[in-house]
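Notebook open, structure loaded. I'm jotting down what I look up, in the order I look it up.

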Amino acid sequence: EFILLGLSNTTELQVLFFTFFFLAYAMVLLGNLLIIVTVRTDPKLSSPMYFLLCNLSFLDICCTSVTSPRMLVDLLSQKKVIAFEDCIAQLFFLHFVGASEMFLLTVMAFDRYAAICKPLRYPAIMSRQTCWVLVSACWAGGFLHSIVQTLLTIQLPFCGPNTIDNYFCDVPPVIRLACTDIYVTEWLMASNSGLISLVCFLLLVTSYTFILVTIRVRFTEGHWKALSTCASHVMVVTLFFAPCIFIYLRPFSTFPSDKHICVIYTVFSPALNPLIYTLRNNEVKASMWKLWERCK
């Protein structure tokens, strides 16, 4: 078993953290569920962008549910113990969902590129069948990535320290506890997680560069609306990718714990996604209002 140190050992701070993260988790669940229900019940929100947004909301719920419930329980517990099997399961599902979300955000950027730069061919490029194939590929890519990370972790011998300086089990703090030289393993893991984060981020930057160039050449009211949508996407990308690149694209054993940075992509980003996508999207707000009217 492993002992999780959590975010703080101070009782007063633990109570404060519990209140804050409980509200944040509730916001993630309610906000993203509201987006899913709204998109699924309104026929007007049937475009590929909203189909992908619905999948992003589901991944956000999964991502924060891997870590937040356990963290909330541990904040009220004296001894934060997690079994080895539970730790590996948490590590697997975190990377499974996290990598799938990275791939999905890249697909969403491609969707905006096709909508703005190739408007006449957009219905053919992003057909319903293509969307399903792309989303399935995102899940499959996340699964393969997570399998690699998990297999590299469980083959390590753990026979010494069992204290993890974090509030959940992740690759960097776990492999630091291995009773062997992890130089090769950590570089394999960094090249896996880090390169996936970096390559996806570069693809996103490239797509937005093409979008900005296109808008600069031929600017219309429709392009302004698309640019507003892209601005929301950029905010999500920045919150999600920057911490992941910082944490995973480097040797794990030579740097201290990044547990406070992990909060950004495990809690803050999933909690802000519903706000970002609803407050800046009139169609979603109108659909939510109609849903509210029907439910009254």
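**Helix α10.** I started with α10, which runs over residues 282-295. Helices here are DSSP runs of H or I with at least four residues, strands are runs of E with at least two, and both are numbered from the N terminus. α10 has 14 residues and reaches 20 Å from first to last C-alpha, close to the 20 Å expected at 1.5 Å a residue. That expected span is 1.5 Å times one less than the number of residues.

Before going on, a note on provenance: this is a predicted model, where local features need pLDDT of at least 70 and side-chain atom pairs count only at pLDDT 80 or more, while totals for chains, interfaces and linings use all residues. Residues are numbered from 1 along each chain as its sequence is written, and side-chain values use heavy atoms, with hydrogens and water left out.

Which residues of α10 are buried? I get V284, S287, M288 and L291. My cut-offs are under 20% relative accessible area for buried, over 50% for exposed, and partly exposed in between (1.4 Å probe, protein chains only). Looking down the axis of α10, I see the buried residues within an arc of 100°, so they line one face of the helix. The arc is taken from the directions from the helix axis to the C-beta atoms. N282 and W289 are exposed on the other side of α10.

**The core.** Next I looked up the largest nonpolar core, which has 61 residues. Such a core is a set of buried Ala, Val, Leu, Ile, Met, Phe, Trp, Tyr and Cys residues joined through side-chain atoms within 4.5 Å. F21, L52, L104, F241 and Y265 have the most contacts inside this core. At least two core residues come from each of α1 (11-41), α2 (48-75), α3 (84-117), α5 (128-154), α7 (183-217), α8 (221-248), α9 (259-279) and α10. Which helix gives the largest share? α2 does, with 14 residues.

I then listed the partners of Y265, leaving aside neighbours within four places in sequence. Y265 is in contact (heavy atoms within 4.5 Å) with C63, F168, D170, L239, F240, P243, C244, I247, Y248 and P270.

**Annotated spans.** I checked the UniProt record, an unreviewed entry, and its "transmembrane region" annotation covers residues 15-37, 49-68, 88-110, 131-152, 195-215, 227-249 and 261-279. Its positions are in the numbering used here, feature names are shortened, and annotations may be inferred rather than shown by experiment. I took two of these spans and looked at the chain. Residues 88-110 are 100% helix and 0% strand, with end C-alpha atoms 33 Å apart. Residues 131-152 are also 100% helix and 0% strand, and there I get 32 Å between the end C-alpha atoms.

**Salt bridges.** How many salt bridges are in the whole structure? My search finds two, with a side-chain nitrogen of Lys or Arg required within 4 Å of a carboxyl oxygen of Asp or Glu. R70 pairs with D74, with the closest N and O atoms 3.4 Å apart. The two sit four residues apart in helix α2, so about one helical turn separates R70 and D74. R70 is partly exposed at 24% relative accessibility, whereas D74 is buried at 6%.

R112 bridges to D111, and the closest N and O atoms are 2.9 Å apart. R112 is buried at 9% relative accessibility, and D111 is buried too, at 1%. I also noted I211, in helix α7, which is buried at 1%. I211 and R112 are 99 residues apart in sequence but 7.9 Å apart in space, C-alpha to C-alpha.

D60 lies in helix α2 and is buried, with a relative accessible area of 1%. Beyond four places in sequence, I find D60 in contact with V28, N32, E101, P270 and N273.

Helix α5 gave me T150 and T153. T150 is buried at 10% relative accessibility, and T153 is buried at 0%. Not counting residues up to four places away in sequence, T150 touches I88, L91 and F92. With neighbours within four places left aside, T153 is in contact with I88, L91, F158, V171, V174, I175 and M189. T153 and M189 are 36 residues apart in sequence and 9.2 Å apart in space, C-alpha to C-alpha.
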